[in-house]
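Q: Can you walk me through this one? I have the sequence and the model open.
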Amino acid sequence: MFEAFRDELDEHHDRRERIMKASRDITALSKKNIFSLQRVRQLQSPIPSSIRKEINDRSDTIKELFTSVGPDLQGLNAWRYQRQISSGCQEFVEAISFQHYLETQNLITHHEAQDMIPGGVELTADDYVLGLFDLTGELMRFGITNMATSGTLPRGSGNDSNDGRDILLDLRSFRTSFESLDTSFSLTDWSPLKRDLVKKINVMRQSVEKVENAVYGMIIRGRERPKGWVPDLNEGPERGREPVESY
């Protein structure tokens, strides 16, 4: 009898380690995709071929990792090991939503994100929303970098349903939507969204405020700035602020 218990525990720990390793690798590859996407300089334009090749190669590896742990995340095990795969799913959502935004200036939907995860691995609503929270930090960096290099705030082309809005308008829209998010109704104590919501909202607000301050500085004192000027992201009161996730 005890040998059966031993075998079951060994199988549990082996499965847990496989999922954790895959999640770490997915996180690392997704971060590298984000770094590559930060080299893009235009909204609503095709990703440059050199950058797209890098992203596609890593994305193929990410799909293989999801597929490899798919059998370990079926049925009850999908929830038993949800915490182990959660960080990888969140980082993956952040990467694909950033790419989707650069190409379309729209948010990727939960259904679209789920379709990009193979192997039957479920993308929970919590991981999807937390990945979108982290997206605001990448949009902040994208906007600040473009302002420093071109002197203008990134703006859509106005094609299709887009009205040529700028990235600050989108960030403010995200802030309004996130702040109206009601998470009080059915979240369990171990829910990632319930656990991280307050911190994520604070960091999201900081990201939007940094772009706002940079735009104000560019408009009010833009002519006084030398070419290649980079906005000071530490301007303004910093007391009690959470650090924005960085490279």
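Q: How much of the protein counts as buried?
A: Of its 247 residues, 47% count as buried, meaning under 20% relative accessible area with a 1.4 Å probe, protein chains only; exposed is over 50%, and partly exposed is in between. This is a predicted model, where local features need pLDDT of at least 70, side-chain atom pairs count only at pLDDT 80 or more, and totals for chains, interfaces and linings use all residues. Residues are numbered from 1 along each chain as its sequence is written, and side-chain values use heavy atoms, with hydrogens and water left out.
Q: How many helices and strands?
A: There are 8 helices and 0 strands. Both are DSSP runs numbered from the N terminus, with at least four residues (H or I) for helices and at least two (E) for strands.
Q: OK, helix 2. Which of its residues are buried?
A: Ile 51, Ile 55, Arg 58, Ser 59, Ile 62, Leu 65, Phe 66 and Val 69. Seen down the axis of helix 2, they fall within an arc of 115°, so they line one face. That arc is taken from the directions from the helix axis to the C-beta atoms.
Q: And what is on the face turned away?
A: The exposed residues Ser 49, Lys 53 and Glu 64.
Q: What covers the buried residues of helix 2?
A: The cover includes helix 1 and helix 4.
Q: New topic. What is Tyr 128 in contact with?
A: Leaving aside neighbours within four places in sequence, Tyr 128 is in contact (heavy atoms within 4.5 Å) with Val 93, Ile 108, Thr 109, His 110, Ala 113 and Leu 123.
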